[in-house]
Amino acid sequence: MRQQNEALMRAALEAAERGWYVFPLRPGDKRPALHGEASCTYTGDCASGHLKWEQRATRDPERIRTTWWHTPYNIGIATGPSNLLVVDLDMPKRKSSKGSSDAPSGAATFRALCERAGHPVPDTYRVRTASGGEHLYFKAPDGLRLNNTAGTIGELVDTRAWGGYVVAAGSITDTGTYEAVSGSVAAPLPEWLQTILKPAPVRSTGPLRLPAVDGSRVALSALEAECAVVSAAPDKQRNTTLNRCAFKVGRFVAWGDIPRHVVEEAFQGAGEERGLTAAECRATIRSALDSSIRKARPREAA
Ligand SMILES: [Zn+2]
């Protein structure tokens, strides 16, 4: 129906005007409409390799008009490229046909958390979802690459950032519509939320406070940087990333710039926080460091 196409196209253009990167979702659905890697024909956008929705999302009005012209696609916003961190407050699943579950909604959990933290519920661009949940849009902090989280903030409180998307206002599904309900702009992510979401802190309270020995500053900042890489590793590459990063820092251990146990503890923390088991982390870190120390060249040659 022409009218519906137009409304959805307008909503997509509006999101793009806000600076957000959009891509089509299947009509009436929340799943991406773009082809997956398995069915890629390696033409057009994919001519030099398959591109995922996160990479194909656009804010070019011409492309948006072309895409939405004939088909009433729902609208996905790729949160990463859009510089957004969206807090997704979900509704509890119904336990049975008899009544709703007595678990608190994500919104209630989030409100309680704000109260405990001594902050008001942030005033920002907010969308009511088709299921009665809420999306709170925030501007992601500069220089901090945040990924999706599930349950880190609280039960039924997820976040969408790099690697994620949200269904935009104006989209329609069987269960209802997505509707902007308040706030005209996405407010900056409050500091206290940022603290909760910040990836894998290098545990700096204890072992990382080292006496200032030659080279240790360089070693420490390398350690910190590599731990951050581990924290941001995609799910399927967690272990190989941990291995690669620990290997890189191993030479500083070989050179005596930093004690081995400091490196081990920092990577252990980053790896576990990224979702690897304690045993996986220990094994990977040990073998990476052993191999790196064995292969390390004298500093001059590095
Ligand atoms: Zn493709």
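Colleague: Hi! Of the 302 residues of this protein, what percentage counts as buried?
Modeller: Of those 302 residues, 41% count as buried. Buried means under 20% relative accessible area, exposed over 50%, and partly exposed in between (1.4 Å probe, protein chains only).

Colleague: Where does the model come from?
Modeller: It is predicted, so local features need pLDDT of at least 70 and side-chain atom pairs pLDDT 80 or more, while totals for chains, interfaces and linings use all residues. Residues are numbered from 1 along each chain, and side-chain values use heavy atoms, without hydrogens or water.

Colleague: How far does the C-alpha trace span along its principal axes?
Modeller: The C-alpha trace spans about 70 × 50 × 35 Å along those axes.

Colleague: And how many helices and strands does the protein have?
Modeller: The protein has 9 helices and 12 strands. These are DSSP runs numbered from the N terminus: helices (H or I) have at least four residues, strands (E) at least two.

Colleague: New topic: the zinc ion! Which residues are its protein donors?
Modeller: Four residues hold on to the zinc ion: His35 through NE2, Cys40 through SG, Cys46 through SG and His50 through ND1. These donor atoms lie 2.0 to 2.2 Å from the zinc ion. Donors here are N, O and S atoms within 2.8 Å of the metal (3.2 Å for Na, K and Ca).

Colleague: What geometry does the site of the zinc ion have?
Modeller: The zinc site is tetrahedral, and the angles among its 4 donor atoms run from 103 to 117°. Four donors get that label if all angles lie between 85 and 135 degrees.

Colleague: What spacing do the donors follow along the chain?
Modeller: Read along the chain, the zinc donors follow H-x4-C-x5-C-x3-H.

Colleague: Are Cys40 and Cys46 buried or exposed?
Modeller: Cys40 and Cys46 are both buried.

Colleague: I spotted Tyr42 on the way. Where does Tyr42 lie?
Modeller: Tyr42 belongs to the loop that runs between strand E1 (22-25) and H2. Its phi is near 55°, a positive value in a residue other than glycine.

Colleague: Why does Tyr42 count as partly exposed?
Modeller: Because Tyr42 has a relative accessibility of 43%.

Colleague: Which loop holds Leu156?
Modeller: Leu156 sits in the loop between E6 and strand E7 (157-160). Leu156 is not a glycine either, and has a positive phi of about 65°. Leu156 is partly exposed, because its relative accessibility is 24%.

Colleague: What about Thr149? Which strand is Thr149 found in?
Modeller: You'll find Thr149 in strand E6. Thr149 counts as buried because its relative accessible area is 13%. The side chain of Thr149 also has a polar contact of 2.6 Å with the side chain of Thr159.

Colleague: What is a polar contact?
Modeller: A polar contact is a pair of N or O atoms within 3.5 Å; within protein, one must be able to donate a hydrogen and the other to accept it.

Colleague: Which side chain does Arg126 join through a polar contact?
Modeller: Arg126 joins Glu134, side chain to side chain, at 2.5 Å. Arg126 is in strand E4 (residues 126-128), and counts as buried because its relative accessible area is 17%.

Colleague: Last one: where is Gly275?
Modeller: Gly275 is in the loop between H8 and helix H9 (278-295). Gly275 is partly exposed, because its relative accessibility is 44%. Gly275 and Ser231 are 44 residues apart along the chain, and 9.2 Å separates their C-alpha atoms.

Methods
Tetrahedral: all angles 85-135°; square planar, octahedral: opposite > 155°, others 65-115°.
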